[in-house]
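Please look over the sequence and the model first.

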Amino acid sequence: MSNGADFNDIQRRMEGAVNAFKHDLASLRTGRASSNLLDPIHVQAYGSAMPIAQVATISVPEPRMISVSVWDKSMVGAVDRAIRESNLGFNPIVDGTTLRIPLPELNEQRRKELVKIAHTYAENARVAARHVRRDGMDHLKKAQKDGDISEDDSRIQSEKVQKLTDETISTIDSLLSGKEAEIMQV
């Protein structure tokens with residue numbers, strides 16, 4: 001870690017944990033419609049499973065409506081089937097090559113379930129950040145044992161790694177509290 005390249009790698013990996021957490025949160029349904037809600041859906045098209053965004057344009061014309069405009073008319077049935085079978089609780093209304101997906105109001109129990117799922121995603125992100133910290137600390141101990149860096153340098157750099165870990169976990173916690181407020185908002 002004496003050259004700083006490994007610290008950049010640690011920073012990059014921690015940012016990756018935060019970005020993965022953001023992506024997980026984006027796929028969680030709140031009271032508002034979002035095109036990200038359809039990200040996990042794959043459509044059987046042209047002999048393979050493709051993300052829905054590769055066969056259609058997804059838009060949000062109203063706060064409680066998602067519109068999916070399928071490019072190939074022969075794919076409308078497959079897209080409709082994929083959305084219905086996705087276990088997201090959506091029932092699309094087919095209108096030519098466009099599917100309109102109304103989002104029902106979330107009840108209190110479902111909101112609490114979504115908050116629990118968000119907490120699970122947050123804990124996974126925290127664990128990922130701690131794994132990165134552990135890898136960095138192990139690298140420092142090995143470098144110190146091999147005589148590549150001094151004990152003082154090792155201590156200074158391990159404090160930097162710990163500070164970065166604390167900042168990353170703080171970011172994850174603030175993202176979680178924002179998403180939790182968004183989900184619970186009626």
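## Hairpin and sheet

Strand 3 and strand 4 form a hairpin, with two residues between them. Helices (H or I, at least four residues) and strands (E, at least two) are DSSP runs, numbered from the N terminus. The model is predicted: local features need pLDDT of at least 70, side-chain atom pairs count only at pLDDT 80 or more, and totals for chains, interfaces and linings use all residues. Residues are numbered from 1 along each chain as its sequence is written, and side-chain values use heavy atoms, with hydrogens and water left out.

Strand 3 (residues 56–62) and strand 4 (residues 65–70) run antiparallel and are joined by five bridges. Two strands pair if DSSP finds at least two bridges between them. Serine 59 has serine 67 in strand 4 as its bridge partner. Strand 4 also runs antiparallel to strand 6 (residues 98–102), again with five bridges. Here isoleucine 66 stands opposite isoleucine 101 in strand 6.

The four strands make an open sheet in the order 3-4-6-5, with antiparallel pairing. Strand 3 and strand 5 (93–95) are the edge strands, each pairing on one side only. Neighbouring strands of this sheet are turned by 25° against each other on average, direction ignored. Axes are lines fitted to C-alpha atoms, for helices over the stretch in contact, and angles run from 0 to 180 degrees between N-to-C directions. Helix 2 (residues 76–84) packs on the sheet and touches strand 4, strand 5 and strand 6. The direction of helix 2 makes about 15° with that of strand 6. Contact means heavy atoms within 4.5 Å.

Helix 3 (residues 108–145) has 38 residues. At 1.5 Å a residue they should span 56 Å, and the end C-alpha atoms are 55 Å apart, which agrees. The expected span is 1.5 Å times one less than the number of residues. Just after helix 3, glycine 147 takes a positive phi of about 85°.

Helix 4 (residues 151–184) has 34 residues. From first C-alpha to last it reaches 49 Å, close to the 50 Å expected. Its buried residues include Val161, Leu164, Ile169, Ile172, Leu176 and Ile183. Buried means under 20% relative accessible area, exposed over 50%, partly exposed in between (1.4 Å probe, protein chains only).

## Salt bridges

The structure holds twelve salt bridges. Each is a side-chain nitrogen of Lys or Arg within 4 Å of a carboxyl oxygen of Asp or Glu. Lysine 142 and aspartate 146 form one of them, at 2.9 Å from N to O. Lysine 142 is exposed, at 51% relative accessibility. Aspartate 146 is partly exposed, at 44%.

Salt bridges that share partners join Glu123, Arg126, Arg130 and Asp173 into one network. Glutamate 123 meets arginine 126 with the closest N and O atoms 2.8 Å apart. These two are three residues apart in helix 3, so about one helical turn separates them. Glutamate 123 is partly exposed, at 34% relative accessibility.

Which side chain does arginine 126 meet in a salt bridge at 2.7 Å? The partner is aspartate 173. This pair links distant parts of the chain: arginine 126 is in helix 3 and aspartate 173 in helix 4, 47 residues apart. Arginine 126 is buried, with a relative accessible area of 13%. Aspartate 173 is partly exposed, at 34%.
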